[in-house]
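User: I have this model open on my screen and I'd like to go through the chain contacts with you. Can we take it term by term, with the cut-offs spelled out?

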Amino acid sequence: MRRALIAAATLSALALTATACGSSGSGAGSTAAKNPGQVSGTITYWDTSDAKNEAPAYKALIKQFEAKYPKIKVQYQNVAFASVEAKFKSAAQSGKGAPDVVRTDVGLISEYASLGYAQKLDGTAALSDKGDFAPGAWGTTQYKGATYGIPQVTDTLGLLYNKALFKKAGIAKPPTTWDAFIADAKQLKARAGVDGTYLNPDPYFMLPFLFGEGADLADPAKKQITVNSPAAVKAATTAKKVADEASAKIDFANSYNNMQAMFKTGKVGMVIQGPWSTADDYSGSAFTDKANLGIAPVPAGSTGKGQAPTGGHDLVVYAGSKHLDASYLFTKFMTSSASEAFIAEKNGTLPGRTSAYTPTVLKQPSIAGFQAVLPTARARVALPQVGSLFTPLGQDYTKILQGQESPQAGLDHSAAEFKKLLPSDFTIAK
Amino acid sequence: MTARKRSRNSRGPGASAALHLTLAVASLCAVFPVLWLLYLSFGPSGAWASPGQVLSHGTLGNYADVLFRSDFPKWFLNTVIIAGGTTAVGVFLAATTGYAVSRMRFPGRRPLMWSFLITQMFPMIVLIVPLYRLMTDLGLLDSFPGMILVYSTISVPFCAWMLKGYFDTIPVSLDEAGQMDGLTPFGTFYRIVLPLARPGLAVTAFFNFMTAWAEVAYASQFLSADHFTLAVGIGTFAEAQRPDWALMTAAAVIITIPAAVVYLLVQRHMVSGLVAGGTKS
Amino acid sequence: MQRLRRSWERHWYAWAMVGPVVVVIAVLVLYPLLYGLFLSFTDANEANVAKNIGANHIPATFHLVGLHNYWQVLSGADGHFYPRLVWTIVWTVGCVAFTYGIGVGLAVLLNRPIRGKIFYRLALILPWAVPNFIGVYAWRLMLNGQYGVFNRIIGLVGIPGQAWLDGETAQKVAVIIVNVWLGVPFMVVALLGGLQSIPAELHEAGEMDGASPWQRFRSITLPSLRPVSSTVILLGTIWTFNMFNVIYLLLGQNTTGSTDILVTYGYNLVFNGVANYSMGSTYGIVVLLILLGFSIFYGRRQLKEEQL
């Protein structure tokens, strides 16, 4: 309780100071909105895209931005995705060395917002035409009713399958439930001689199982931990069944790479994967004909509705930025419909804006395929601690999949660990 | 002398073969992982999963990507500056300290040696955020001197300990002779003891160099893109979910080469330099 | 005062020589360490520490909680400490014992007159020249259960592929093997230095007495190596106890947590989600105390005054 109070106090103090400050002004009536051409300054942008394959497109966009706003200079820095969270938090906290704008995994928004690192963007020049964002992507930007990021790239998990192998096994269409998924996997094994799937044991990939049963990690509104609810246990039981009956043997230390390697060379028939992986798939022997890659929504659990988490990247403006106006303009530019369409064309990622799915963009089969899947995406639970929750959940999920713990025991243990990590007024739902 | 030689050489052919076999197997275990990385680095991106592709589709493309399609020259230069600086500063600090502790009985000597040991015991990684703030306050953040000092704190305690052992093996009578000739203790240290301690210094240099050369945790926290080191820079060659093994292997080889060169330069001194301290009984 | 001045006159050379090191270590290590000690008596986390966000200074709102964190850890209430401690000890003892054992064996062999000695020596010490995170990645590739080269090699002789990195036991064996691979070169070099300083007369005397090679190894070689051994074992223990890279990088994220040693567990506290600085620091201090206790105990028994 005390901790929650302190957090609340910190937050309100922050909100006060944030509105009071702003060396170059903030809010709707500022220069950025009234007279964008007059905004000047040098801002730093941390990009987390792949330096070899994706970064060139972002650099090209920045050139365009600087041409449009000659008084603003952008210092582009590519920071490894793996280290950006720790690096940004250290810098944001000390006030030195932090970027003005940072490309942020959507799962971190509530954490950054709650800690006061992310600037509230409602009513600023950064946010324009918000009705245009895909609902799943937009949902990731919200924390306690305010907006702390602007979607740049979105994604979700879907069912990717090898059409040729499906044909060989005599499967007409992709499975829509986990039961059908397991049955099809057995059929693939029997008739096509390949493993049905390669289950990724990462806890992020457990979310479709949970969502498909209507379960989630926690319910912030009711302040309840729900990870060991009967629905969640059912989800974990299904996942275990998939691992045992439908999946190739999982190498836990190399699962992601092995899953990709087996799928793209036609050694497994289907995987649960995101759009970021399709470029790699197309480089494999099984998908030299791009049309061979099928994309469908993730299978559903007993609710009959398949759902997967929304991923992707939002642009976050650092609350301590000395050039807020320039940062807003930059964020607005980088998340405009034209910019997102440009990025989609170059990198094959899914735009956060619906208007950016232009006919040219949709020519890419993976974008077209995943666009159809996007309506099944939903945001992860918006808790600042969500990043810490994945550690115990992942460990128990691994134990469940390896058969060291029953789904019930494993998730009970996760719930007990969540209790330690969440504010003390959270209770374990029974 | 001759008798000894014969007796120690009087190994049967069987024993000789066993000796060579053991050493050969051990050597293979030692070098195989390195050679395997080297081999994979010449393959296409899927080579880690099907190593046969290296032979059928061998390529220098990974090296081209790393060397010419990245900020490699900048990273390399940064790394050389930081590792070189750490070597210079680290050797200097370790040598002066090691000498003082070896030759002089001064108040604070034992606490100093113990605090060296203690610095090795605490996992500083958990304090990286306070350290970040400290670096900010000292104006050392995102700077070469800052990184050099941080790396020195990692390497110097061990090196000072090691060099102290080495200095112990150099007869004190030499120092005394020097002082008779009118040299100050600094002069004695610089003109007489240091030249004799070259093997120990070489190992110290190597150790300092290796500490700084491929460190990731501190470097990725404290440096901005302009000052990235190699080890941090190649981290950007990864998608959100996974490393690109083809580029990683090539980059690994490139990072390893300078370290291996330094190692070759000092390896002759390595054996005599490392533990001379333990030999004085 | 008088005494102080005399002391200064006598020792200023020494103090001047150690001065730079003392300043650097005090500022960059001891000060953060003391700050960590302070944090371990508080409930500080990322949400309640002081922050400078741009021009806004947000003061700290955490509280002193006394020994609460230590009680959480040492009473076993947090549920992690003792399991992690047991495995940390197994890991450390396992790694140091194998590294030392293999190191002594190879050093003794290398110390004999043998053709191609230079080649063997270069090869055996090579892993030292490879940055350790790279070495660990190489092993991760080689031990891959589906695509690793080890399974290919044993497949050639008809042995089915093994899951080298799956399951608790396999993972624990794997991390120890990799750490031994990283650690042996240092041991070989150190012990070789020790062996070369053993006077040949000792061995000759042993031979004259008709001692077998094994007897000579036990009664001459090992005792003569003792000073070197005690130093490298102490250092090896400290380094291995806090060895972070191997476990973290070899096994990746999808583990059961049972392969975490105290340091990797503490790292997770500080680096996952909203950082828990107080518990992270508490783990750090506890690790320090364990190692300090060990060093004092070990130092009394093994290290001569001369070496410390």
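User: How many salt bridges does the rule find across the interface of chain C and chain B?

Analyst: Zero salt bridges turn up there. The term asks for a side-chain nitrogen of Lys or Arg within 4 Å of a carboxyl oxygen of Asp or Glu. Keep in mind that this is a predicted model, where local features need pLDDT of at least 70, side-chain atom pairs count only at pLDDT 80 or more, and totals for chains, interfaces and linings use all residues. Residues are numbered from 1 along each chain as its sequence is written, chains are lettered from A in the order in which they are written, and side-chain values use heavy atoms, with hydrogens and water left out.

User: What makes Lys52(A) and Asp65(B) a salt bridge?

Analyst: Their side chains come to 3.3 Å, N to O. The limit is 4 Å between a Lys or Arg nitrogen and an Asp or Glu carboxyl oxygen, so the pair qualifies. The count between chain B and chain A is one salt bridge.

User: Which elements give two or more residues to the side of chain B that touches chain A?

Analyst: Those are α7 (128-137), α12 (217-222) and α14 (245-274) of chain B. The largest share, four residues, is from α7(B). A helix here is a DSSP run (H or I, at least four residues; strands are E, at least two), numbered from the N terminus.

User: How many residues are in contact between chain B and chain A?

Analyst: 25 residues of chain B and 25 residues of chain A, where contact means heavy atoms within 4.5 Å. For chain C and chain B, the contact takes 98 residues from chain C and 99 residues from chain B.

User: What is the area buried between chain C and chain B?

Analyst: About 9100 Å², with carbon and sulfur atoms giving 79%. Buried area is the accessible area (1.4 Å probe) that two parts lose on being put together, summed over both. For chain B and chain A the value is about 2300 Å², 54% of it on carbon and sulfur atoms.

User: And how many residue pairs are in polar contact across the interface of chain C and chain B?

Analyst: The rule finds 10 residue pairs, both residues at pLDDT 80 or more. A polar contact is a pair of N or O atoms within 3.5 Å; within protein, one must be able to donate a hydrogen and the other to accept it, and residues adjacent in sequence count only if both atoms are side-chain atoms. Helix α1 (residues 2-39) of chain C gives the largest share of the side of chain C that touches chain B, 23 residues. By class, that side has 72 nonpolar, 17 polar and nine charged residues. Nonpolar means Ala, Val, Leu, Ile, Met, Phe, Trp, Tyr, Cys and Pro, charged means Asp, Glu, Lys and Arg, and the others, Gly among them, are polar.

User: Where is the pLDDT of chain B below 50?

Analyst: Residues 1-9 of chain B are one such stretch, with six contacts beyond near neighbours in sequence. Residues 277-281 of chain B are also below 50, with nine such contacts. pLDDT is the predictor's confidence in each residue, from 0 to 100. Where it is low, the predicted coordinates should not be read in detail. Chain B averages 83, and chain C averages 87.
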